[in-house]
2 protein chains.
Amino acid sequence: MPRKIIIIGAHAAGVDAASAARKKDRSAQITLITKEKKVGYSRCGLPFVLGGHIESFDDLIVFPESFYKIMKLSLLTETTVTKIDPKTKTVDIKDNLGKQQSLSYDSLIITAGATPRVPKILGLEKKGVYFVRTIEDGQKISKALKAAKSAVIIGSGLVGLEVAVACCERDLKVSVVEFLPCVLPFLLDNDMADRVQKMLEEKGITFVLAEPVEEIIGSDKVNGIRVGQRVLPADVVVVAAGVTPNVELAENAGILLGKTKAIKTNSKMQTNLPDIYAAGDCVESVNLVTGEPILSQLGTTAVRQGKVAGINAAGGKSEFIGTLGSWITQLFETEIGGSGLPAFMAEKYGVNSISATITSKTRADYFPGALPIRIKLVAEKQTGKLISAQIIGGEEVTQRINALSFAIQKEMTAQELAKAETCYAPPVSETWEPMILAAELLLRKIN
Amino acid sequence: MPRKIIIIGAHAAGVDAASAARKKDRSAQITLITKEKKVGYSRCGLPFVLGGHIESFDDLIVFPESFYKIMKLSLLTETTVTKIDPKTKTVDIKDNLGKQQSLSYDSLIITAGATPRVPKILGLEKKGVYFVRTIEDGQKISKALKAAKSAVIIGSGLVGLEVAVACCERDLKVSVVEFLPCVLPFLLDNDMADRVQKMLEEKGITFVLAEPVEEIIGSDKVNGIRVGQRVLPADVVVVAAGVTPNVELAENAGILLGKTKAIKTNSKMQTNLPDIYAAGDCVESVNLVTGEPILSQLGTTAVRQGKVAGINAAGGKSEFIGTLGSWITQLFETEIGGSGLPAFMAEKYGVNSISATITSKTRADYFPGALPIRIKLVAEKQTGKLISAQIIGGEEVTQRINALSFAIQKEMTAQELAKAETCYAPPVSETWEPMILAAELLLRKIN
């Protein structure tokens, strides 16, 4: 009898799980079940379609129909899983015509994703208020922006800022409202976040920070928001206030959640119930620096966890030991990214840290086109071990984040990084790579 | 009495040594002595001025006169050191007017550099034959190229190929002659080198490999070269056949050379004689993978060694433990780089290695402008430890080399790299970073 693997969800984590399971077990029956009509697309690409960098939302579909055929994966779209029964090892499903059935599994992988968090704001039901999660969301926003002159984005996380930039690129007047005191909260320390905010302000985006939105105003359709004493005009409001893990189905089946209210798994991505795995935005991850549970909710984490779940569900052996939350984005021409635990987070966790920030150039100073770059490094004071990298720069930030992500994962110290070897040629780098200069400054502060 | 530090040479290693010494000892008398008229410039930039990417050769001067004033460094240009006397701790010098004197030192740092290697070829004395080392060389070549229609480059190392590209960008007919069987010898494995060659051939450069140049032909002025049975026309010939460490002065003073015929130092950059240090192209380095002596002769190695020598010469404590020879260049729109020990070199050193090569894209596949990238990883078979990275790609190769250079330095295994965390956003990267995919393939081959 072939192994039956059911996967709930069919995006980053789900499809990577299916793909990994198939590679491990050529004969398994693998079924992906999703509520959505369109599957296997890149949510992370939505803001970049809005901004006009990618032509069509359909371009975001990373896994076309042919992929499922080649990989012999059954795909049930517009189908809801209504119940998981771990005793009988079955899931109950219902399709869009209301037809119900029960499917049995040997291994079940839950990649149920997350749902946009709905902040407590009056008037969210008004026309012209959107969330950003699905291709359909993207299409609605794109249509609305055509007729709009102004937009307010609620939330200044990665998605919020990416959408704000997209609106700005479409020549709208854009405001971003954030109830925390700085942009990219939890990702950057304040000093770095301030730089990002200033860059975006120079591009014409207005920020209202440290104030919650009181109300979305307008009769039937939104025409503005009230925040503190101010009214900001808005033909369109996009809410990007983070996402909440989809755990109801799992919880009802007796699957345990962690501290973060996401599904708890071990390093094999196994839940507390036999043969049930979980991966992606619906699970809790471990922060590699602190060892504490966190919500990662990044595409890179999702695909890695999905792969591990898929391999294990198909009888293989793989582990996902945790995450540094390495992230990157591009806002206008500036790349911004980070890895590890920012200094303010380190303080919260009781880690005694020390920081150093430098500015430099991305290429030899005399080479035309050299762009500014700012690097902040944070190390554990006692050991000198690197725990965070934060970079804002004109180019090649992404791979510097990867380099420092590798360094943090391998427990490199500031001392070691200050001595580390980098490569140099005038068109692409400096003899003294900015990462090394930042490490040297950090070292001087530690000693 | 202030400490007297004399530095022979005033380029990458020399100026960085001076700078580091000054930071360590505010009151030291620091003197740099060089034969050249122009100092403190980037030799690595010469081909890029020839290609028109940088406006003027003077733009390459990284350390202007003001730098020496601010740092209180005495600079003697157009001055030759004729003798080092370690017993009396003096150096004899002669300026361009023939005036001689003797200077005493407490610490001496030799950063005498290297001289273009002169291959055994008939006709090298003809007009129109050039070497590439100094700004003056660059200026002469640049002038010659204006009147030329064809150029032959002898040598296909980094400088050779960079100059070939520059000549091509100036619309000359360009041939590269290399007596070894592939381009970038010692830097890339054959399979990767072939790709570079093909890319350059598509741009119009002709290659004659595995054949030594017989003769440079022409009556007074060069008009071609004879290689094997063929005659290649050439109005200009540029010899880029590597460099030979300048060691005569050191050798005459009793300073020991290593296996590579370059100055031997310990990790403090101390020679065998008390208070005499050496750094840069004239010294022997240790390969971090094999532990064997090598000639590094890269700018990054020079500045790092110079800094260590400067700190130690000024009474501080610093070490340079060796190099991976991490390198990078840009030829037309393609970045090419490497770090560590290529597979063919590993074989020579008796290291049992295994390799994997993948091709991928530099950004999300659906993001316009995503460019191809090819990554080769080599690991020690027994341990899985990474020993080499070689990359050819359209963008962001440099920092990937740095990332893998950090990985090799921290003895990361293929297993660890396959699981390592990278960052992702559609405009700048893929969820499955090509470096990780290459590590996965490598791992499958090891297991």
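Predicted model: local features only at pLDDT ≥ 70, side-chain atom pairs only at ≥ 80, totals over all residues.
Two strands are taken to pair when DSSP finds at least two bridges between them.

I shall begin with chain A as a whole. Chain A contains twelve helices and 25 strands. Its C-alpha trace spans about 65 × 55 × 40 Å along the principal axes.

Next, the hairpins of chain A. Strand β4(A), residues 79-85, runs antiparallel to strand β5(A), residues 90-95, and six bridges join them. Within this pair, Thr79(A) stands opposite Asp95(A). Four residues lie between the two strands of this hairpin, where Lys89(A) takes a positive phi near 55°. β5(A) also pairs with strand β6(A), residues 100-104, in the antiparallel sense, over five bridges. Here the bridge partner of Lys94(A) is Gln100(A). This hairpin of β5(A) and β6(A) likewise has four residues between its strands, and in it Gly98(A) adopts a positive phi near 90°.

Turning to chain B, strands β4, β5 and β6 form an open sheet of three strands in the order β4-β5-β6, with antiparallel pairing. Its edge strands are β4(B), residues 80-85, and β6(B), residues 100-104, each of which pairs on one side only. From one strand to the next, the twist averages 25°. Five bridges connect β5(B), residues 90-94, to β6(B), and Val91(B) stands opposite Leu103(B).

Chain B also has an open sheet of five strands, in the order β3-β2-β1-β7-β18, with parallel pairing. Which strands stand at the edges of this sheet? They are β3(B), residues 73-76, and β18(B), residues 276-278; each has a single partner strand, so one side of each is left without a neighbour in the sheet. Neighbouring strands are turned by 20° against each other on average, direction ignored. Within the sheet, β1(B), residues 4-8, and β7(B), residues 107-110, pair in the parallel sense over four bridges, and Ile5(B) has Ser107(B) as its bridge partner.

Two helices that pack on this sheet deserve mention. Helix α1(B), residues 12-24, touches β1, β2, β3 and β7 of chain B, and its direction makes about 175° with that of β2(B). Helix α8(B), residues 299-313, touches β1, β7 and β18 of chain B, and its direction makes about 170° with that of β7(B).

I come now to a contact between the chains. Two packed helices are described by the angle between their axes and the distance between the axes. Helix α10(A), residues 397-409, and α10(B) pack at an angle of about 5°, with their axes 8 Å apart. Angles under 35 degrees count as roughly parallel, and α10(A) and α10(B) are therefore roughly parallel to each other. Among the residues that make the contact are Leu404(A) and Phe406(A) of α10(A), and Leu404(B) and Phe406(B) of α10(B).

Ser405(B) belongs to this helix α10 of chain B. Is Ser405(B) buried or exposed? Its relative accessibility is 0%, and under 20% is the condition for being buried, so Ser405(B) counts as buried. Leaving aside residues up to four places away in sequence, Ser405(B) touches Glu421(A), Leu324(B), Ser326(B) and Ser339(B).

Finally, Tyr41(A). This residue lies in the loop between β2 and α2 of chain A. Tyr41(A) has a relative accessibility of 4% and therefore counts as buried. Although Tyr41(A) and Ile61(A) are 20 residues apart along the chain, their C-alpha atoms are separated by 3.9 Å. What does Tyr41(A) touch, not counting residues up to four places away in sequence? Its contacts include His11(A), Glu36(A), Leu60(A), Ile61(A) and Arg133(A).

Thank you for your attention.

Note on methods: Residues numbered from 1 in each chain as written. Chains lettered and ligands numbered in written order. Heavy atoms only, no water. Buried < 20%, exposed > 50% of the residue type's maximum accessible area, 1.4 Å probe, protein only. Contact = heavy atoms within 4.5 Å. Axes fitted to C-alpha atoms, helices over the stretch in contact; angles between N-to-C directions. Parallel < 35°, antiparallel > 145°, perpendicular 65-115°, else oblique.
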